[in-house]
Amino acid sequence: MEKRQIQQAVLAFMAGLVFAVGLAVSGMTQPQKVIGFLQLGEGWDPSLMFVMIGAIPVHMISYRWMRGRPSPLFDTQWHVPQSKDITKPLLIGAGLFGLGWGLGGFCPGPGLTSLGAGQMSAVYFVPAMLVGMGLYRLYSQKIAKK
Amino acid sequence: MMNSILMALSGGALIGFAASLMLVFNGRVTGISGIVNGLLGGLFKDGLWRLTFILGLLVGGALLGMSHPELFVNTSGRSVVLVTLAGLIVGFGTVMGSGCTSGHGVCGIARFSVRSLLATATFMIIGILTATVLKYWLGV
């Protein structure tokens, strides 16, 4: 194993820890808060809007700061997606994700963090999510063969 | 409410910071669905950092779950069947749409990616429609 891979793995572990704390502090690991945010009308809870308002500017600064550099610190190349195509799978997939998000109140990160905390509904949500991912992989392979 | 907003802002800033660490050091986008999906493709090719990131999420959840269990209370009243169905759809949809709230909603928008902006608008609108319909038609 290369030294670089170890560095990346250790950094990723720390980033995962910080990410989990951010999700839990922000309220994203409480599905009733997510649902309260998505349910417009009486009793609407706008607080989760501020998660994005807190996160995006911080990331915008680091992205601006790194742009134009030849590589990140622990790798020889960037892995930031470059695709600009607006495709059907992009929009249909996002729509399906929205449907599932509104049904359960979990998105992938809070699902995993809640699983770590031993939260019962995450124990159902996360394995189902992995199966769903596997199903799409099978489906897209089938489409590609045609 | 004010307290909720401050918690959301500071939690959001931590999320942005974690995503910045991943970008500056590893050159990666912090998209949770993408990181997990990459693992399903095989652990040994490009998998160690994915595994440790997810381990970080799980360990972070475990530690906080012990110190602050109130952050992980689910009083949504959504049944096991509904949550399982939601999991299936979220898994399928996030891989199909190449991202979720983190990859599109935070990292993508921060780079002004039109793709991510459209994806985020789509899942927000459908999420709002779904949750609001459930509230007014089914009362949950």
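Figure 1. A cavity here is a set of points, on a 1 Å grid over the protein atoms alone, where a 1.4 Å probe fits but cannot get out. This is a predicted model, in which local features need pLDDT of at least 70 and side-chain atom pairs count only at pLDDT 80 or more, while totals for chains, interfaces and linings use all residues. Residues are numbered from 1 along each chain as its sequence is written, chains are lettered from A and ligands numbered from 1 in the order in which they are written, and side-chain values use heavy atoms, with hydrogens and water left out. The largest cavity holds about 250 Å³ of space, a volume being the space filled by probe spheres set on the grid points, which are joined across faces, edges and corners. Its lining has 23 residues, and M28(A), V51(A), M52(A), T101(B) and V106(B) are the closest to the centre; a lining residue has an atom within 4 Å of a point.

**Figure 2. What lines the largest cavity.** At least two lining residues each come from helix 1 (3–26), helix 2 (31–38), helix 3 (49–66) and helix 5 (108–116) of chain A, and from helix 6 (101–110) and helix 7 (114–138) of chain B. Helices (H or I, at least four residues) and strands (E, at least two) are DSSP runs, numbered from the N terminus. Helix 6 of chain B supplies the largest share, four residues. The lining of this cavity has 18 nonpolar, five polar and no charged residues. Ala, Val, Leu, Ile, Met, Phe, Trp, Tyr, Cys and Pro count as nonpolar, Asp, Glu, Lys and Arg as charged, and the others, Gly among them, as polar.

**Figure 3. The largest pocket.** About 500 Å³ of space lies in this pocket. Its lining has 23 residues, of which P81(A), V29(B), G34(B), S98(B) and G99(B) are the closest to its centre. A pocket is an open set of points with protein on both sides within 12 Å along at least five of seven lines. Helix 2 of chain B gives the largest share of the lining, five residues. By class, the pocket lining has five nonpolar, 14 polar and four charged residues.

**Figure 4. The interface of chain A and chain B.** In this interface, 103 residues of chain A are in contact (heavy atoms within 4.5 Å) with 103 residues of chain B. The two chains bury about 9300 Å² between them, 77% of it on carbon and sulfur atoms. Buried area is the accessible area (1.4 Å probe) that two parts lose on being put together, summed over both. In chain A, F19(A), H59(A) and L103(A) lose the most area to chain B, together 8% of what that side buries. Between chain A and chain B there are zero salt bridges. Helix 1 of chain A gives the most to the side of chain A that touches chain B, with 18 residues. That side has 64 nonpolar, 31 polar and eight charged residues.

**Figure 5. A salt bridge within chain A.** Over all chains, a search of the whole structure finds one salt bridge, defined as a side-chain nitrogen of Lys or Arg within 4 Å of a carboxyl oxygen of Asp or Glu. The side chains of R4(A) and D75(A) meet in a salt bridge at 3.8 Å, N to O. R4(A) is in helix 1 of chain A and D75(A) in the loop between helix 3 and helix 4 of chain A, 71 residues apart.
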